[in-house]
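Open the model in your viewer and keep the selection tool ready.

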Amino acid sequence: MPINTRYNGYDLAIEKAARVRDFADGEFTIKEKGDKYLPRLSGQTKDGYNAYLSRGFIVPAVEPTALAISGAIMRKPPEFTPTGSLSYLTEDMDGHGTSCNKFVESMIKELLYAGSAGYLVEFEDKAVVKQYTKENIINVSQDYIVLAQEYVIQNEKDRYEQETKTEYLELTFDDGGRYIQNLWREGKGNEGFSIVDTQTPTNRGEALYSIPFVFSDVLDAEPTLLHLANV
């Protein structure tokens, strides 16, 4: 099976998260998706349906509720006091200047909108924590975790055009049980997916024998605000 094989239940889990995210985005997103959320009436013309859709009113309930819940939780700041060389984490958790408070707010949002998310501890120039949404967690077992992520390539014929593609980061183990990362990309034509890079992360030079990835909740956990979005 190819590296982009999805775990059983992925499609339903993503459909639930997408509904909550759409209603959190509000009226423009919902109306843009037309009969996905507002089915066409029997015998209704295109113009009649567009007028019907235009008159519809979306109750702005999901995002304000999420903001209220997040605000109530964050009234007490997270207790996180790294020391020494890791003290920078309070102001930069992910390597992109996201403070600890903002990072926790994002974690709460993912629980409300999607039900869970995943967090990978990495070391680039410094230690960082990368968040992967439920949509980007493609497959999981005791031996591997497969994560989807985007990369950009330049159009060879047009220097002003770039194309965004999906690659897959496989967190797994080598034959000796050491933690490794395989980066998979799809080739041209019918070449399929292949490993284009393999990394062996270490902890101060010592091999790792577990995957430094944690979930905020089980993958099949429903978004907290799903029932509100359904209403």
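The tour below goes through a predicted model, stop by stop.

**Stop one: two helices**

Select residues 10-25, which form helix α1, and then residues 100-113, which form helix α5. At what angle do α1 and α5 pack? The angle is about 115°, and the two axes lie 9 Å apart. Angles from 65 to 115 degrees count as roughly perpendicular, so α1 and α5 are roughly perpendicular to each other.

Now show the side chains where the helices meet. On the α1 side, pick A17, V20, R21 and A24. On the α5 side, pick E110, L112 and Y113. Colour this contact by class: 5 residues are nonpolar, 2 are charged and none is polar.

**Stop two: a pair of rings**

A pair of aromatic rings is described by the distance of the centres and the angle of the planes. The model has 7 aromatic pairs. Select one of them, F23 and Y37. The ring centres are 5.0 Å apart. The planes stand at 70°, and over 60 counts as edge-to-face, so F23 and Y37 form an edge-to-face pair.

Where do F23 and Y37 sit in the chain? F23 is in helix α1, while Y37 is in the loop between α2 (27-32) and α3 (46-55). The two are 14 residues apart, and the pair links distant parts of the chain.

**Stop three: the largest pocket**

The largest pocket has a volume of about 700 Å³. Select V121, E122, F123, E124 and T202, the closest to its centre among the 24 lining residues. Next, show the strands β1 (117-123), β2 (127-133), β6 (179-186), β7 (193-199) and β8 (202-203). Each supplies at least two residues of the lining. Finally, colour the lining by class: 12 residues are nonpolar, 6 are polar and 6 are charged.

Definitions and conventions: Residues are numbered from 1 along each chain as its sequence is written. This is a predicted model: local features need pLDDT of at least 70, side-chain atom pairs count only at pLDDT 80 or more; totals for chains, interfaces and linings use all residues. Side-chain values use heavy atoms; hydrogens and water are left out. On a 1 Å grid over the protein atoms alone, a cavity is a set of points where a 1.4 Å probe fits but cannot get out, and a pocket is an open set with protein on both sides within 12 Å along at least five of seven lines; lining residues have an atom within 4 Å of a point. Grid points are joined across faces, edges and corners, and a volume is the space filled by probe spheres set on the points. Helices (H or I, at least four residues) and strands (E, at least two) are DSSP runs, numbered from the N terminus. Ala, Val, Leu, Ile, Met, Phe, Trp, Tyr, Cys and Pro count as nonpolar, Asp, Glu, Lys and Arg as charged, and the others, Gly among them, as polar. Axes are lines fitted to C-alpha atoms, for helices over the stretch in contact, and angles run from 0 to 180 degrees between N-to-C directions. Angles under 35 degrees count as roughly parallel, over 145 as roughly antiparallel, 65 to 115 as roughly perpendicular and the rest as oblique. Contact means heavy atoms within 4.5 Å. Rings of Phe, Tyr and Trp (its six-membered ring) pair if their centres lie within 6.5 Å; planes under 30 degrees apart count as stacked, over 60 as edge-to-face and the rest as tilted.
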